[in-house]
Amino acid sequence: MKRYSEEDLSSTQYFKVKPDQESGTRKVLSIVYEALTKKGYDPVNQIVGYIMSGDPTYITNYMGARSLIMKVERDELVEEILEAYIRNNHWNEEV
């Protein structure tokens, strides 16, 4: 586990996903959600399990969902989900 010095924690890192990645990430999440639902899984629990652990077995192979989700970085999944949450709760009209 990496240890961070006080100096490392004094500034904020800037992270920006390219717009074309966002739409791809959204599409992947949509397909994975549909596949998990059709197979009878709780898609929220399964996607959270995958994001938290990195273990692809949380995602079904049905509809190619597992291979699709593995092509997207987990931080991109979190960003897409968070942006959708913010949009849907009208916290920021520009997101």
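In this predicted model, D42 caps the N-terminal end of helix α2, with a side-chain oxygen placed 3.0 Å from the backbone nitrogen of V44. Helix α2 covers residues 43–53, and its buried residues are P43, Q46, I47, G49, Y50 and I51. After α2 comes G54, whose phi is positive, near 80 degrees.

Helix α4, made of residues 74–88, has 15 residues and should span 21 Å at 1.5 Å a residue, which agrees with its end C-alpha atoms being 21 Å apart. The buried residues of α4 are E76, L77, E80, E83 and I86, and just after this helix H90 takes a positive phi of about 55 degrees.

How many salt bridges are there in the model? The count comes to three. In one of them R26 pairs with E80, the closest N and O atoms being 2.9 Å apart, and this pair links distant parts of the chain, since R26 belongs to helix α1 and E80 to helix α4, 54 residues apart. E80 is buried because its relative accessible area is 4%, whereas R26, at 40%, counts as partly exposed. R87 also forms a salt bridge with E80, with the closest N and O atoms 3.9 Å apart, and R87 is partly exposed at 29% relative accessible area. Through shared partners, salt bridges join R26, E80 and R87 into one network.

Within helix α1, the side chains of K38 and E34 meet in a salt bridge of 3.0 Å, N to O; because these residues are four apart in the helix, about one helical turn separates them.

Technical notes
Residues are numbered from 1 along each chain as its sequence is written. This is a predicted model: local features need pLDDT of at least 70, side-chain atom pairs count only at pLDDT 80 or more; totals for chains, interfaces and linings use all residues. Side-chain values use heavy atoms; hydrogens and water are left out. Buried means under 20% relative accessible area, exposed over 50%, partly exposed in between (1.4 Å probe, protein chains only). Helices (H or I, at least four residues) and strands (E, at least two) are DSSP runs, numbered from the N terminus. A polar contact is a pair of N or O atoms within 3.5 Å; within protein, one must be able to donate a hydrogen and the other to accept it, and residues adjacent in sequence count only if both atoms are side-chain atoms. The expected span of a helix is 1.5 Å times one less than its number of residues. A salt bridge is a side-chain nitrogen of Lys or Arg within 4 Å of a carboxyl oxygen of Asp or Glu.
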